[in-house]
Amino acid sequence: QVQLVESGGGLVQAGGSLRLSCAASGRTFSTYSMGWFRQAPGKEREFVAAISWRGGSTYYTDSVKGRFTISRDNAKNTVYLQMNSLKPEDTAVYYCAADKSFLSRYAYEYDYWGQGTQVTVSS
């Protein structure tokens, strides 16, 4: 069993940076692939990034490649999303999720979800 809690969201100006954290409880964190999703007001939830259980493989949606970096520290049971060069269109509630399978861009394949953290980027 894995429980997830996101933190690190906030209000930033366009071009700024923010690092999101997702703290996991449970002793099996290192066996899960982890993903970040986001949902903007009035829009569908979309995939952002994912990382394998060892951290050796990552996968990003095209709109964030080169700007966002997903990483994990299994010793701390934490996954991170470093967001640079933020744009107003990045504004959304960001969710972390755990997947017992390999990397996936599909929300329905994830087993556990956090409550989300708000990221707002002003122009």
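**Rings, cores and charges**

So, let's start with Arg-45: its charged end sits over the ring of Trp-113, 5.0 Å from the centre. By "over a ring" I mean that NZ of Lys or CZ of Arg is within 6 Å of the ring centre and within 35 degrees of the ring normal. The charged end of Arg-45 also sits over the ring of Tyr-95, and there the distance to the centre is 3.8 Å.

Quick housekeeping: this is a predicted model, so local features need pLDDT of at least 70 and side-chain atom pairs count only at pLDDT 80 or more, while totals for chains, interfaces and linings use all residues. Residues are numbered from 1 along each chain as its sequence is written, and side-chain values use heavy atoms, with hydrogens and water left out.

Back to Trp-113, then. Rings of Phe, Tyr and Trp (its six-membered ring) pair if their centres lie within 6.5 Å; planes under 30 degrees apart are stacked, over 60 edge-to-face, and the rest tilted. How many aromatic pairs does that rule give? The count comes to seven. One of them is Phe-37 with Phe-47, edge-to-face, at 5.6 Å centre to centre and 75° between the planes. Phe-37 is in strand β4 (residues 33–39) and Phe-47 in strand β5 (residues 46–51), 10 residues apart. The strand names are DSSP runs numbered from the N terminus (E, at least two residues; for helices, H or I, at least four). Both of these Phe residues are buried, which is to say under 20% relative accessible area; exposed is over 50%, and partly exposed is in between (1.4 Å probe, protein chains only).

Now the cores. A nonpolar core here is a set of buried Ala, Val, Leu, Ile, Met, Phe, Trp, Tyr and Cys residues joined through side-chain atoms within 4.5 Å. The largest has 30 residues, and the members that touch the most others are Leu-4, Met-34, Trp-36, Leu-81, Met-83 and Tyr-94. Strands supplying at least two residues each include β3 (18–25), β7 (68–73), β8 (78–83), β9 (92–99) and β11 (117–122). Phe-47 turns up again in a second, separate core of five residues, along with Ala-50, Ala-97 and Tyr-110, among others.

Have a look at Tyr-94 while we're here. Leaving aside neighbours within four places in sequence, its contacts (heavy atoms within 4.5 Å) include Leu-20, Trp-36, Phe-37, Arg-38, Leu-81 and Met-83.

A search of the whole structure finds four. Which residues are linked in a network of salt bridges? That would be Arg-38, Glu-46, Arg-67 and Asp-90.

Let's take the links one at a time. Arg-38 bridges to Glu-46, with the closest N and O atoms 2.6 Å apart. Arg-38 counts as buried because its relative accessibility is 5%, whereas Glu-46, at 33%, is partly exposed. Arg-38 also bridges to Asp-90, at 2.9 Å between the closest N and O atoms. That pair links distant parts of the chain, 52 residues apart: Asp-90 is in the loop between β8 and β9, and Arg-38 is in strand β4. And Asp-90, buried or exposed? Buried, because its relative accessible area is 0%.

The next link is Arg-67 to Asp-90, 2.8 Å between the closest N and O atoms. Arg-67 lies in the loop between β6 and β7 and Asp-90 in the one between β8 and β9, so this pair ties together parts 23 residues apart in sequence. Arg-67 counts as buried too, because its relative accessibility is 10%.

The side chain of Arg-67 also reaches the backbone oxygen of Ser-85 at 3.0 Å. Ser-85 sits in the loop between β8 and β9, and it has a positive phi of about 50° although it is not a glycine. At 41% relative accessibility, Ser-85 is partly exposed.

Note on methods:
Polar contact = N/O pair within 3.5 Å; in protein donor to acceptor, adjacent residues only side chain to side chain. Salt bridge = Lys/Arg side-chain N within 4 Å of Asp/Glu carboxyl O.
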